[in-house]
Amino acid sequence: MIKPVNSDVPLFLRLMKKKFSQYLRGQMEIGSNDPILVSVSGGKDSVCLLHLLARVQTNLAVAHINFRLRGADSNEDARFVEAMAKRMNLPYFQTEFDTRQRLSDTKDSLQMLARKLRYNWLQRIAGEHQFRWIAVGHHLDDSLETVLLNLAKGCGLRGLQGIQAVNGNIIRPLLFATSHEISQYVSKKELAYRQDQ
(Lines give C-alpha, C1' and ligand atoms only; values in the text may rest on other atoms or scores of the structure.)
Protein backbone atom coordinates (compact mmCIF):
# COMPACT_ATOMS: atom_id res chain seq x y z
CA MET A 1 0.00 0.00 0.00
CA ILE A 2 1.25 3.47 -0.88
CA LYS A 3 1.43 5.74 2.17
CA PRO A 4 1.84 9.29 0.90
CA VAL A 5 3.77 11.88 2.85
CA ASN A 6 1.94 15.23 2.73
CA SER A 7 5.13 17.14 1.97
CA ASP A 8 5.95 14.92 -1.00
CA VAL A 9 2.87 14.99 -3.19
CA PRO A 10 4.82 14.48 -6.46
CA LEU A 11 6.36 11.26 -5.07
CA PHE A 12 2.94 9.81 -4.22
CA LEU A 13 1.58 10.73 -7.67
CA ARG A 14 4.59 9.17 -9.42
CA LEU A 15 4.28 5.99 -7.34
CA MET A 16 0.56 5.73 -8.05
CA LYS A 17 1.12 6.12 -11.80
CA LYS A 18 3.97 3.59 -11.69
CA LYS A 19 1.91 1.01 -9.78
CA PHE A 20 -1.00 1.56 -12.15
CA SER A 21 1.18 1.10 -15.22
CA GLN A 22 2.87 -2.00 -13.80
CA TYR A 23 -0.49 -3.54 -12.91
CA LEU A 24 -1.92 -2.73 -16.36
CA ARG A 25 1.11 -4.00 -18.30
CA GLY A 26 2.27 -6.85 -16.05
CA GLN A 27 -0.71 -8.35 -14.24
CA MET A 28 -3.27 -7.56 -16.95
CA GLU A 29 -1.01 -7.63 -20.05
CA ILE A 30 -2.73 -4.61 -21.66
CA GLY A 31 -0.77 -3.04 -24.52
CA SER A 32 -0.30 0.73 -24.64
CA ASN A 33 -2.10 0.94 -28.01
CA ASP A 34 -4.98 -1.39 -27.13
CA PRO A 35 -8.30 0.41 -27.75
CA ILE A 36 -10.13 0.82 -24.43
CA LEU A 37 -13.69 1.99 -23.79
CA VAL A 38 -13.72 3.53 -20.29
CA SER A 39 -16.98 3.42 -18.34
CA VAL A 40 -17.18 6.74 -16.46
CA SER A 41 -20.00 7.54 -14.05
CA GLY A 42 -18.44 10.84 -13.02
CA GLY A 43 -17.70 9.58 -9.51
CA LYS A 44 -14.29 9.59 -7.85
CA ASP A 45 -13.25 6.06 -8.84
CA SER A 46 -14.09 6.32 -12.53
CA VAL A 47 -12.57 9.82 -12.81
CA CYS A 48 -9.35 8.48 -11.28
CA LEU A 49 -9.42 5.51 -13.66
CA LEU A 50 -9.86 7.71 -16.73
CA HIS A 51 -7.14 10.13 -15.60
CA LEU A 52 -4.60 7.37 -14.99
CA LEU A 53 -5.44 5.57 -18.25
CA ALA A 54 -5.03 8.82 -20.18
CA ARG A 55 -1.47 9.09 -18.82
CA VAL A 56 -0.39 5.64 -20.07
CA GLN A 57 -2.72 4.69 -22.97
CA THR A 58 -3.02 6.13 -26.47
CA ASN A 59 -6.41 4.83 -27.64
CA LEU A 60 -9.27 5.65 -25.27
CA ALA A 61 -12.93 6.60 -25.43
CA VAL A 62 -15.39 7.53 -22.68
CA ALA A 63 -18.78 5.87 -22.12
CA HIS A 64 -21.48 7.16 -19.77
CA ILE A 65 -24.86 5.72 -18.86
CA ASN A 66 -27.64 7.85 -17.38
CA PHE A 67 -29.91 5.48 -15.46
CA ARG A 68 -32.28 8.37 -14.65
CA LEU A 69 -32.43 7.30 -10.99
CA ARG A 70 -31.46 10.61 -9.38
CA GLY A 71 -33.46 13.19 -11.31
CA ALA A 72 -31.55 16.37 -12.16
CA ASP A 73 -28.37 14.97 -10.54
CA SER A 74 -28.28 12.15 -13.12
CA ASN A 75 -28.47 14.69 -15.94
CA GLU A 76 -25.72 16.77 -14.32
CA ASP A 77 -23.53 13.65 -14.10
CA ALA A 78 -23.98 13.12 -17.85
CA ARG A 79 -23.11 16.74 -18.63
CA PHE A 80 -20.06 16.55 -16.36
CA VAL A 81 -18.68 13.40 -18.01
CA GLU A 82 -19.34 14.71 -21.52
CA ALA A 83 -17.50 17.96 -20.72
CA MET A 84 -14.58 16.00 -19.25
CA ALA A 85 -14.30 13.83 -22.37
CA LYS A 86 -14.39 16.95 -24.54
CA ARG A 87 -11.64 18.64 -22.47
CA MET A 88 -9.50 15.51 -22.82
CA ASN A 89 -10.26 15.33 -26.56
CA LEU A 90 -11.62 11.78 -26.25
CA PRO A 91 -14.48 10.17 -28.19
CA TYR A 92 -17.66 10.10 -26.12
CA PHE A 93 -20.58 7.68 -26.06
CA GLN A 94 -23.69 8.17 -23.96
CA THR A 95 -27.04 6.49 -23.46
CA GLU A 96 -29.85 6.63 -20.95
CA PHE A 97 -32.38 4.18 -19.60
CA ASP A 98 -35.65 4.65 -17.76
CA THR A 99 -34.43 2.08 -15.26
CA ARG A 100 -37.38 2.23 -12.87
CA GLN A 101 -39.82 1.76 -15.75
CA ARG A 102 -37.91 -1.29 -16.96
CA LEU A 103 -37.88 -2.72 -13.43
CA SER A 104 -41.61 -3.50 -13.70
CA ASP A 105 -40.84 -5.86 -16.61
CA THR A 106 -38.27 -7.98 -14.77
CA LYS A 107 -37.78 -9.98 -11.58
CA ASP A 108 -34.30 -8.49 -11.14
CA SER A 109 -33.41 -6.12 -8.32
CA LEU A 110 -32.76 -2.50 -9.32
CA GLN A 111 -29.02 -3.03 -8.89
CA MET A 112 -28.99 -6.22 -10.98
CA LEU A 113 -31.07 -4.62 -13.74
CA ALA A 114 -28.78 -1.57 -13.89
CA ARG A 115 -25.76 -3.88 -14.06
CA LYS A 116 -27.26 -5.84 -16.98
CA LEU A 117 -28.23 -2.67 -18.83
CA ARG A 118 -24.75 -1.24 -18.26
CA TYR A 119 -22.73 -4.21 -19.47
CA ASN A 120 -25.03 -5.03 -22.41
CA TRP A 121 -24.73 -1.46 -23.71
CA LEU A 122 -20.97 -1.27 -23.10
CA GLN A 123 -20.48 -4.55 -24.97
CA ARG A 124 -22.57 -3.29 -27.89
CA ILE A 125 -20.56 -0.05 -28.15
CA ALA A 126 -17.26 -1.93 -27.81
CA GLY A 127 -18.28 -4.33 -30.59
CA GLU A 128 -19.55 -1.64 -32.94
CA HIS A 129 -16.42 0.51 -32.55
CA GLN A 130 -13.77 -2.23 -32.21
CA PHE A 131 -12.68 -1.56 -28.63
CA ARG A 132 -10.64 -4.50 -27.40
CA TRP A 133 -11.28 -3.73 -23.71
CA ILE A 134 -13.94 -2.19 -21.49
CA ALA A 135 -12.45 -0.61 -18.35
CA VAL A 136 -14.47 -0.18 -15.15
CA GLY A 137 -13.47 1.47 -11.88
CA HIS A 138 -13.64 -1.30 -9.26
CA HIS A 139 -10.84 -1.09 -6.67
CA LEU A 140 -9.30 -3.29 -3.98
CA ASP A 141 -11.91 -2.44 -1.35
CA ASP A 142 -14.67 -3.56 -3.75
CA SER A 143 -12.90 -6.87 -4.26
CA LEU A 144 -12.49 -7.45 -0.51
CA GLU A 145 -16.14 -6.59 0.04
CA THR A 146 -17.09 -9.13 -2.63
CA VAL A 147 -15.04 -11.82 -0.87
CA LEU A 148 -16.80 -11.12 2.44
CA LEU A 149 -20.25 -11.14 0.83
CA ASN A 150 -19.47 -14.39 -0.97
CA LEU A 151 -18.27 -16.02 2.23
CA ALA A 152 -21.40 -14.83 4.06
CA LYS A 153 -23.48 -16.47 1.33
CA GLY A 154 -21.56 -19.73 1.87
CA CYS A 155 -19.74 -19.71 -1.48
CA GLY A 156 -16.74 -21.53 0.02
CA LEU A 157 -13.33 -21.33 -1.65
CA ARG A 158 -14.75 -19.89 -4.88
CA GLY A 159 -15.87 -16.88 -2.86
CA LEU A 160 -12.25 -16.12 -1.94
CA GLN A 161 -11.49 -15.01 -5.51
CA GLY A 162 -13.13 -11.62 -5.23
CA ILE A 163 -13.42 -9.51 -8.38
CA GLN A 164 -11.30 -10.60 -11.33
CA ALA A 165 -8.91 -8.06 -12.86
CA VAL A 166 -9.68 -9.42 -16.34
CA ASN A 167 -12.97 -11.13 -17.15
CA GLY A 168 -13.41 -11.63 -20.88
CA ASN A 169 -12.97 -8.13 -22.32
CA ILE A 170 -13.82 -6.39 -19.02
CA ILE A 171 -10.78 -5.01 -17.20
CA ARG A 172 -10.47 -3.46 -13.75
CA PRO A 173 -7.13 -1.62 -13.68
CA LEU A 174 -7.71 -0.09 -10.22
CA LEU A 175 -7.86 -3.39 -8.33
CA PHE A 176 -4.33 -2.77 -7.04
CA ALA A 177 -5.45 0.41 -5.19
CA THR A 178 -7.52 1.02 -2.08
CA SER A 179 -10.35 3.53 -1.92
CA HIS A 180 -8.11 5.68 0.32
CA GLU A 181 -5.31 5.73 -2.27
CA ILE A 182 -7.78 6.71 -4.98
CA SER A 183 -9.11 9.51 -2.77
CA GLN A 184 -5.56 10.72 -2.12
CA TYR A 185 -4.74 10.68 -5.84
CA VAL A 186 -7.89 12.59 -6.82
CA SER A 187 -7.33 15.11 -4.01
CA LYS A 188 -3.66 15.70 -4.77
CA LYS A 189 -4.37 16.00 -8.51
CA GLU A 190 -7.29 18.33 -7.67
CA LEU A 191 -9.55 16.34 -10.01
CA ALA A 192 -13.22 17.34 -10.06
CA TYR A 193 -15.79 14.57 -9.70
CA ARG A 194 -19.47 14.11 -8.98
CA GLN A 195 -20.78 12.94 -5.61
CA ASP A 196 -23.89 10.81 -5.29
CA GLN A 197 -26.02 12.82 -2.86
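1. Secondary structure first: this predicted model comes out at seven helices and six strands. Walking along the sequence, you get α-β-α-β-α-β-α-α-β-α-β-β-α. The chain has 197 residues, and 44% of them count as buried. On the contact side, take pairs at least 6 apart in sequence: 73% of those contacts join residues at least 24 apart.

2. Now the main core. The largest nonpolar core holds 38 residues, and the members touching the most others are F20, I36, V38, L53, L174 and Y185. Two or more residues each come from α1 (9-27), β1 (36-39), α2, β2 (60-66), α3 (72-87), β4 (133-135) and α7. Helix α2 gives the largest share, seven residues. There is also a second, separate core, with 19 residues, including L117, F131, I134 and I170. As background, nonpolar side chains in soluble globular proteins tend to be buried together.

3. Ignoring neighbours within four places in sequence, F20 is in contact with L49, L52, L53, V56, P173, L174 and F176. Two of those partners, L53 and L174, are listed with F20 among the core residues that touch the most other members.

4. On to the α2/α7 pair. Helix α2 spans residues 44-56 and α7 spans residues 179-189; their axes come within 10 Å and cross at roughly 70°. Angles of 65 to 115 degrees count as roughly perpendicular, so that is the label for α2 against α7. The crossing is left-handed. From α2, the residues involved are K44, D45, C48, H51, L52 and R55, and they meet S179, I182, S183, Y185, V186 and K189 of α7. Sorted by class, this contact has five nonpolar, three polar and four charged residues.

5. V9, F12, L13, M16 and K19 are the α1 residues, facing E181, I182, Q184, Y185, K188 and K189 in α7.

6. I182 and Y185 both turn up in the contact with α2 and in the contact with α1. If you're checking backbone torsions, look just past the helix: α7 is followed by E190, which has a positive phi, near 55°.

7. Last stop, W133. Where does W133 sit? In strand β4. W133 has a relative accessible area of 9%, and the cut-off for buried is under 20%, so this tryptophan is buried. Leaving out neighbours within four places in sequence, its contacts are I30, D34, P35, I36, L37, V166, G168, N169 and I171. One of these, I36, is also on the list of core residues touching the most other members. I170 is 37 residues from W133 along the chain, yet their C-alpha atoms are separated by 6.0 Å. I170 is itself one of the residues in the second core.

Methods
Residues are numbered from 1 along each chain as its sequence is written. This is a predicted model: local features need pLDDT of at least 70, side-chain atom pairs count only at pLDDT 80 or more; totals for chains, interfaces and linings use all residues. Side-chain values use heavy atoms; hydrogens and water are left out. Axes are lines fitted to C-alpha atoms, for helices over the stretch in contact, and angles run from 0 to 180 degrees between N-to-C directions. Helices (H or I, at least four residues) and strands (E, at least two) are DSSP runs, numbered from the N terminus. Angles under 35 degrees count as roughly parallel, over 145 as roughly antiparallel, 65 to 115 as roughly perpendicular and the rest as oblique. A crossing is left-handed if the near helix is turned anticlockwise from the far one by less than a right angle, and right-handed if clockwise. Contact means heavy atoms within 4.5 Å. Ala, Val, Leu, Ile, Met, Phe, Trp, Tyr, Cys and Pro count as nonpolar, Asp, Glu, Lys and Arg as charged, and the others, Gly among them, as polar. A nonpolar core is a set of buried Ala, Val, Leu, Ile, Met, Phe, Trp, Tyr and Cys residues joined through side-chain atoms within 4.5 Å. Buried means under 20% relative accessible area, exposed over 50%, partly exposed in between (1.4 Å probe, protein chains only).
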